[in-house]
Amino acid sequence: MKRVLITGASSGIGLQLARDYAADSWQVVACGRDREKLQRALAGTDSEFCVFDMQNRGECQAVLSAVVEPDLVILNAGTCEYVDDARHFDAALFERVIAANLIGTANCIAPLIGRIRAGGRLALVSSSVTFLPLTRSEAYGASKAGLDYLARTLAIDLAHHDIGISLIRPGFVDTPLTRKNDFPMPGRVSMAEASQAIRQGLARGKREICFPFAFITVMRLLSWLPRGIWFRLGQKMVGRPS
Ligand SMILES: NC(=O)c1ccc[n+]([C@@H]2O[C@H](COP(=O)([O-])OP(=O)(O)OC[C@H]3O[C@@H](n4cnc5c(N)ncnc54)[C@H](OP(=O)(O)O)[C@@H]3O)[C@@H](O)[C@H]2O)c1
């Protein structure tokens, strides 16, 4: 039986992935910060649970260095906070988002990378936000841009060790995280659609998994515009101070 380890498996995209892999007869190792939340969310599956805060390097090391070798690791856990007032830049917010999304992912990679079975795969969940600089996304975008670079360099350095790397860049997905957003989310897809796109891409060994197609195509086209043109378009999205 193939084994998949998923972080952020208590909610949203990670939970849907855990349920779908379990239904597809994979042994799921579901990770989160709250054991009861994980157990409730994945009741009815025979998932194993790993409980740790990925911002705590010691906890990550202790818990993840004891897991049975997985074939697939999906480092999906993450958070999003927007910068509401760039003139009063909140360095503590910036640190929180980088610590969770970027450092937290690194804390998981360290104990896991040597445990992935030969021929296995490590996937990092980034975001389509990194196609373009978007208003209020200073912290979230920087954390995900860091993940993009991390994934692309790991892909080069681990190719000789028979470990594949996939970078996952979703558009908007309807999850508890995005239900808090107060702005339009074009092309938003369901968690089931997101899970299907991710599982299909991973099964095909894709290096980058971007979805949904129409939204990503628009983001790609906009990212090819000269920077000055995007600067003017991007400014139109900025809320004016009241
Ligand atoms: N939803 C979207 O539109 C979208 C688009 C692009 C990228 N993404 C990315 O997809 C990933 C999942 O997002 P989602 O929308 O599914 O969010 P979500 O429903 O809020 O789920 C986030 C998950 O991450 C876990 N997590 C957060 N901080 C953690 C920490 N310090 N240690 C351990 N686990 C932690 C949460 O665990 P707890 O239950 O313990 O809080 C939860 O399981 C994120 O990396 C997000 O940036 C989402």
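Biologist: Where is phenylalanine 213 found?
Modeller: Phenylalanine 213 sits in helix α7. Bear in mind that this is a predicted model.

Biologist: Is phenylalanine 213 buried or exposed?
Modeller: Its relative accessibility is 71%, so phenylalanine 213 counts as exposed; the cut-off for exposed is over 50%.

Biologist: How far apart are phenylalanine 213 and glycine 187?
Modeller: Along the sequence they are 26 residues apart, and in space 9.2 Å, C-alpha to C-alpha.

Biologist: Back to the helix. Which residues of α7 are buried?
Modeller: Helix α7 covers residues 213–223, and its buried residues are Phe215, Ile216 and Met219. Looking down the axis of α7, these buried residues fall within an arc of 95 degrees, so they line one face of the helix.

Biologist: Which exposed residues are on the face turned away from that side?
Modeller: Phe213 and Ala214 are the exposed residues carried there.

Biologist: And what covers the buried residues of α7?
Modeller: The cover includes β6 (164–170) and β7 (208–211).

Biologist: What lies between β7 and α7?
Modeller: A loop, and proline 212 is in it. The peptide bond from phenylalanine 211 to proline 212 is cis, with omega near -5 degrees. Most peptide bonds are trans.

Biologist: Which residues have a positive phi although they are not glycine?
Modeller: Arginine 136 is one of them, with a phi of about 70 degrees. Aspartate 162 is another non-glycine residue with a positive phi, of about 65 degrees. Most residues other than glycine have a negative phi.

Biologist: Where are those two found?
Modeller: Arginine 136 is in the loop between β5 (121–125) and α5. Aspartate 162 is in the loop between α5 and β6.

Biologist: What is their relative accessibility?
Modeller: Arginine 136 has a relative accessible area of 25% and is therefore partly exposed. Aspartate 162 is at 45%, so it also counts as partly exposed.

Biologist: New topic, the ligand. How many residues surround it?
Modeller: There are 28 residues around the ligand, and the closest are Ser10, Ser11, Lys37, Val173 and Thr175. The shell divides into 12 nonpolar, 12 polar and 4 charged residues.

Biologist: Which helices supply at least two residues of that shell?
Modeller: Helices α1 (12–23) and α5 (138–158) each do.

Biologist: Which atoms lie 2.5 Å apart at serine 10?
Modeller: A polar side-chain atom of serine 10 and an oxygen atom of the ligand. At isoleucine 13, a backbone N or O atom lies 2.8 Å from a ligand oxygen. For glycine 8, a polar backbone atom is 3.2 Å from an oxygen atom of the ligand.

Biologist: How much of the ligand's accessible area does the protein cover?
Modeller: On its own the ligand has 900 Å² of accessible area, and the protein covers 92% of that.

Biologist: Last one: isoleucine 198. Buried or exposed?
Modeller: Isoleucine 198 has a relative accessible area of 0%, so it is buried. This residue lies in helix α6 (residues 191–203).

Biologist: What does isoleucine 198 touch?
Modeller: Leaving out residues up to four places away in sequence, isoleucine 198 touches Ile13, Leu17, Ile168, Ile209 and Phe211.

Biologist: How far is isoleucine 198 from glycine 58?
Modeller: Their C-alpha atoms are separated by 30 Å, and the two residues are 140 apart along the chain.

Notes: Residues are numbered from 1 along each chain as its sequence is written. This is a predicted model: local features need pLDDT of at least 70, side-chain atom pairs count only at pLDDT 80 or more; totals for chains, interfaces and linings use all residues. Side-chain values use heavy atoms; hydrogens and water are left out. Buried means under 20% relative accessible area, exposed over 50%, partly exposed in between (1.4 Å probe, protein chains only). Helices (H or I, at least four residues) and strands (E, at least two) are DSSP runs, numbered from the N terminus. The arc is that of the directions from the helix axis to the C-beta atoms. Contact means heavy atoms within 4.5 Å. A residue is near a molecule or strand if one of its heavy atoms lies within 4 Å of it. A polar contact is a pair of N or O atoms within 3.5 Å; within protein, one must be able to donate a hydrogen and the other to accept it, and residues adjacent in sequence count only if both atoms are side-chain atoms. Accessible areas come from the Shrake-Rupley method with a 1.4 Å probe; for residues, only the protein chains shown count as cover. Ala, Val, Leu, Ile, Met, Phe, Trp, Tyr, Cys and Pro count as nonpolar, Asp, Glu, Lys and Arg as charged, and the others, Gly among them, as polar.
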